[in-house]
Amino acid sequence: MTETAGATPASMKAVVMHAPEDYRLEDKAVPSPAADELLIKVQAVGVCASDLKAYAGAAKFWGDENRERWVEPGITPGHEITGEVVSGSAEALALHGVELGDRIVLEQIVPCEECMYCKRGWYWMCGPHDMFGFKHYDGGMAEYMIVPPLARAHKISSEIPPHHAAFAEPLSCSLHAVERAQLTFDDVVVIAGAGPIGLGAIIGAAHKNPKMVIALDFDEHKLELAKKCGADLTLNPSKVDVYEEIRALTGGYGADVYIECTGHPSAVSQGLNLLRKLGRYVEYSVFKENVSVDWSIISDDKELDVLGAHLGPHCWPAAIKIIESGVLPLDEICTHQFGLDEVQKALDTVADSAGASIKVSLLPGA
Ligand SMILES: [Zn+2]
Ligand SMILES: [Zn+2]
């Protein structure tokens with residue numbers, strides 16, 4: 001039997017993607033959860049660069065029209081989701097370890113649990129790669145949404161603003177990038193970019209307590225926030241020679257670790273140049289075009305470890321703990337909140353790279 005907290009309306013507002021650059025706010029029936037599903041009332045959904053790429057209709061595999069695209073027509077976007085559990089069977093509630101009234105956050109991937117990756121424990125690299133708001137499962141830009149049985153839900157405090165709670169998704173990604181770097185106490189860590197992902201990587205790296213965390217960004221305000229997130233030093237590449245500064249700080253050797261969170265091609269070669277020999281380079285960004293670098297730096301010159309990072313596996317409990325603890329300046333990181341009917345404004349705000357936005361969120365209940 002399905003339990004329901006209070007009355008759920010019959011219809012709701014939801015953003016529906018029809019085609020690239022054609023997102024519409026529509027009236028839809030509130031979905032009713034099957035025996036193994038939950039229904040949540042969405043409280044906040046973050047908007048990120050990948051939403052913009054989906055909006056622009058970018059192919060996931062550049063230059064190959066036959067490969068999968070980012071978005072499926074008819075789907076509701078939004079993958080940085082938090083909401084209150086309002087309906088579900090005892091079975092579905094038990095499956096996710098939640099009760100009616102709990103606030104949860106959702107991992108954006110819904111793993112199939114059947115492919116080789118899932119079976120070997122690498123669920124975040126699941127072959128079919130179904131993700132909320134991109135493929136197969138409707139996302140959070142709606143008043144209500146279904147949590148399918150294969151989803152990974154985590155409880156989070158109802159005491160914090162919903163857009164702060166929704167930051168668990170990007171933060172878990174940042175923390176995974178930091179985990180990939182396998183920091184030691186002796187490391188000088190450079191984090192390029194102090195947007196939402198970079199700021200998360202800064203706080204993650206600072207929590208590991210390495211010798212020094214250095215943040216790079218062109219925006220002085222973002223560098224101020226980087227300090228509040230735990231950066232020991234901030235450098236603005238438009239004002240100082242970052243290469244010379246970091247050489248001087250490391251006895252001429254270079255940084256031990258470089259975590260790239262900017263999405264700018266120039267930050268890739270910058271990282272290869274800033275690292276010492278045998279250093280670790282972590283790539284989190286997704287780029288608009290192919291990036292060319294001198295691969296001889298990676299091999300012959302420095303014997304670097306180059307590591308990718310995707311999603312936030314095993315980092316959700318840590319991300320939630322950091323958010324709930326209040327150590328992050330989330331009031332300043334979450335710069336813009338919009339209603340569901342302002343989805344276009346929200347996307348435009350994320351797209352305006354010269355603007356002051358860091359994390360833009362939609363509050364469907366507001
Ligand atoms: Zn995102
Ligand atoms: Zn799978």
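Author: Between domain 1 and domain 2 the count is one residue pair in polar contact, with both residues at pLDDT 80 or more; such a contact is a pair of N or O atoms within 3.5 Å, where within protein one must be able to donate a hydrogen and the other to accept it, and residues adjacent in sequence count only if both atoms are side-chain atoms. The model is a predicted one, in which local features need pLDDT of at least 70 and side-chain atom pairs count only at pLDDT 80 or more, whereas totals for chains, interfaces and linings use all residues. Residues are numbered from 1 along each chain as its sequence is written, chains are lettered from A and ligands numbered from 1 in the order in which they are written, and side-chain values use heavy atoms, with hydrogens and water left out.

Domain 1 is made up of residues 2-167 together with 328-362, and domain 2 of residues 180-308, with bounds that come from an automatic or database domain assignment. The contact between them (heavy atoms within 4.5 Å) takes ten residues from domain 1 and eleven residues from domain 2, while the C-alpha centres of the two domains lie 30 Å apart. About 1,000 Å² is buried between domain 1 and domain 2, and carbon and sulfur atoms give 71% of that area; buried area here is the accessible area (1.4 Å probe) that two parts lose on being put together, summed over both.

The count of salt bridges between the two domains is also one, a salt bridge being a side-chain nitrogen of Lys or Arg within 4 Å of a carboxyl oxygen of Asp or Glu. Lys228 and Glu332 meet through their side chains in a salt bridge, at 2.9 Å from N to O. By the same rule the count comes to 14 salt bridges, and some of the other pairs can be described in more detail.

One of them joins Asp27 and Lys13, whose side chains meet at 3.1 Å from N to O. This pair links distant parts of the chain, with Asp27 in strand β3 (residues 22-29) and Lys13 in strand β2 (residues 11-19), 14 residues apart; helices (H or I, at least four residues) and strands (E, at least two) are DSSP runs numbered from the N terminus. Asp27 counts as exposed because its relative accessibility is 57%, whereas Lys13 is partly exposed at 35%, where buried means under 20% relative accessible area, exposed over 50%, and partly exposed in between (1.4 Å probe, protein chains only).

Another salt bridge is formed by Lys239 and Glu220, with closest N and O atoms 3.1 Å apart. Lys239 sits in the loop between β13 (233-235) and α8 (242-249), and Glu220 in helix α7 (residues 220-228), so that parts 19 residues apart are linked. Lys239 is exposed, its relative accessible area being 58%, while Glu220, at 37%, counts as partly exposed.

Asp256 and Arg276 likewise meet in a salt bridge, at 2.6 Å from N to O, and these residues, 20 apart, belong to strand β14 (residues 255-260) and strand β15 respectively. Asp256 is buried, with a relative accessible area of 10%, and Arg276 is partly exposed at 21%. Strand β15 (residues 275-283) also holds Leu278, which has a positive phi of about 65° although it is not a glycine.

His314 has a phi near 65° too, again a positive value in a residue other than glycine. Its position is the loop between β16 (305-308) and α11 (316-325), and it counts as exposed because its relative accessibility is 59%.

Ser172, in helix α5 (residues 168-180), has a relative accessible area of 0%, which means that it is buried. Leaving aside residues up to four places away in sequence, Ser172 touches Leu311, Gly312, Cys315, Trp316 and Ala319, and its side chain reaches the backbone oxygen of Glu169 at 2.8 Å.

The zinc ion (ligand 1), finally, has Cys48 (SG), His79 (NE2) and Glu80 (OE) as its protein donors, lying 2.1 to 2.3 Å from it. Donors are N, O and S atoms within 2.8 Å of the metal (3.2 Å for Na, K and Ca), and water is not among the atoms, so sites may look incomplete. The donor residues are spaced C-x30-H-E in sequence, and both His79 and Glu80 are buried.
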